[in-house]
Amino acid sequence: MTKKSRRKEHAARTLVVEAREARERARQRKYWTAAAIIGAVLGLILIAAVIDRVLVQPGQPVAMVDGRPISTDYFQKYVRLLRAEAQNRYLTAQQQLQQFGDDPTMAQFKSIIQQNAAQAQQDMATASQRAYDALVDAELVKAEAATRGVTTSDAEVQTEIDSLVAQGKGWLTVPQATAQAAFAITATATAQVQPTATPSPTPTAAPSPTASTAVTATTPTTATTDAPQPTPTPQHIMTGDEYKIEYQNLLTYYSRIGGFSEEEYRQLVRVQLLQRKLQAIFANQVETDAEQIHLRHLLVDSQEKADAAMARLKAGEVFTDVAKDVSIDTGSKDQGGDLGWAPRGTYVTAFEDAAFALTQPGQLSAVVPTQFGFHIIQLVDPAQKRPLEASALASKRSNALRDFLTKKRSDLSAAGKLVSYYSPAKDPK
């Protein structure tokens, strides 16, 4: 091969190598370009996810209450607060159980504490639902207060906060101490003008013993011995400097646990005051008379037993006798199943619907299944308007605002004005 031919062959090989290297460089450029594009897309997705979680989601509503949003951010703060409170109660209960140890004399107290611990665990598990319900109710309370012209001033909020701070330490505020002193002076003056009671010849029941004294029942005599009594330790009156320290501790707690700002904490207190005022208004509006019905019932734990009891009744046996024989309702069994007079809302829905459908005295319902078992109901007296018993009236007054809020929720939901956007993804992590 001539030198010229070799040069041509070398040039050709060089061109082939250069072409191959060019193709490899082009391939690598495409690879790195694709990798860069993929990396950029993934980065954008990650950034978008962070922005969505940190900025977008917290601002989105967890619910709309008649056009008013409850933000996810505020919902999450409230969930954290409720969880922390429940966890603190659980830990306290566990510490108390450890203190009791295996002392058999403390079995009853341990049982109560174990129930408290179980309730605290349940409250931790249901914190999200409880927070949701509480915040919806808060919106309803604020709306109803606005409708009725009910307000709370900044001074009222401050007074309530003062009281809460003092209460947390077992102290008194200056106004509370002043009120107590005024009450004591009035009580003393009233006692001084009362006539001296003539001693009764019958024994007087002893008051409950306190930690400092043991009291036994004795027969009073006309002469009494003035025994020295221990002077109770007066409650500490909170000073301005103490308030500042404890209030800051309170704010730190709410900030650390739930992320609440000072203004958000004060709004929590304001809503509580509005709720208290509305409760008083609704309680005073409760009617003292209500439609009531007089019933008997028997309760058994299976359909077969209910059918057997029904067969006995249809065969002519007296309801009270059958109830005493088979009912597992210990509250009414010994009275032949007599439940007395009761207004609507006393019983679970299925039981109440069956009861108020009865019209003739002595009439029997069909077997009514509820979460408690299987009932047979007998009408004693048809529904009629009657004065509420003291306990029933007190219960209706106590539940007056709660009943209003429950109905308001139902009405708004039916009208599409209470919309939930909650999902477990909105729970705080």
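Me: What is the basis of the numbering and the values?
Reply: Residues are numbered from 1 along each chain as its sequence is written, and side-chain values use heavy atoms, with hydrogens and water left out. The model is predicted, so local features need pLDDT of at least 70 and side-chain atom pairs count only at pLDDT 80 or more, while totals for chains, interfaces and linings use all residues.

Me: Why is the pair Tyr74 and Phe260 called edge-to-face?
Reply: A search of the whole structure finds eight aromatic pairs. Rings of Phe, Tyr and Trp (its six-membered ring) pair if their centres lie within 6.5 Å; planes under 30 degrees apart count as stacked, over 60 as edge-to-face and the rest as tilted. The centres of Tyr74 and Phe260 are 5.8 Å apart and their planes stand at 90°, so the pair is edge-to-face. Tyr74 sits in helix H2 and Phe260 in the loop between H7 and H8, so the pair links distant parts of the chain, 186 residues apart. Helices here (H or I, at least four residues) and strands (E, at least two) are DSSP runs, numbered from the N terminus.

Me: What makes Tyr347 and Phe351 a tilted pair?
Reply: Their rings are 4.8 Å apart, centre to centre, with 55° between the planes. That angle falls in the tilted class.

Me: Which residues form one aromatic cluster?
Reply: Tyr74, Tyr253, Tyr254, Phe260 and Tyr265.

Me: What makes Asp66 stand out?
Reply: Asp66 has a positive phi of about 50° although it is not a glycine. Most residues other than glycine have a negative phi. Asp66 is in the loop between S1 and S2. At 37% relative accessibility, Asp66 is partly exposed.

Me: How do you know that S1 and S2 pair?
Reply: Two strands pair if DSSP finds at least two bridges between them. Four bridges join strand S1 (residues 61–65) to S2, so the two pair, and they run antiparallel. Val65 stands opposite Arg68 in S2. S1 and S2 form a hairpin with two residues between them.

Me: What else does S1 join?
Reply: Three bridges join S1 to strand S7 (residues 418–420), again antiparallel. Val419 in S7 is the bridge partner of Met64.

Me: What makes S6 a partner of S3 and S5?
Reply: 11 bridges join strand S3 (residues 289–300) to strand S6 (residues 373–387), which run antiparallel. Leu295 stands opposite Leu379 in S6. Strand S5 (residues 368–370) pairs with S6 over three bridges, also antiparallel. S5 and S6 form a hairpin with two residues between them.

Me: How do you know that a charge sits over the ring of Phe282?
Reply: A charge sits over a ring if NZ of Lys or CZ of Arg is within 6 Å of the ring centre and within 35 degrees of the ring normal. The charged end of Arg148 is 4.6 Å from the centre of the Phe282 ring and sits over it. Arg386 lies over the face of Trp341, at 4.1 Å from the ring centre.

Me: What makes a space a pocket, and what lines the largest pocket?
Reply: On a 1 Å grid over the protein atoms alone, a pocket is an open set of points where a 1.4 Å probe fits, with protein on both sides within 12 Å along at least five of seven lines; lining residues have an atom within 4 Å of a point. The largest pocket is lined by 32 residues, and those nearest its centre include Tyr78 and Gln272. H4 gives the largest share of the lining, eight residues.

Terms used
Buried < 20%, exposed > 50% of the residue type's maximum accessible area, 1.4 Å probe, protein only.
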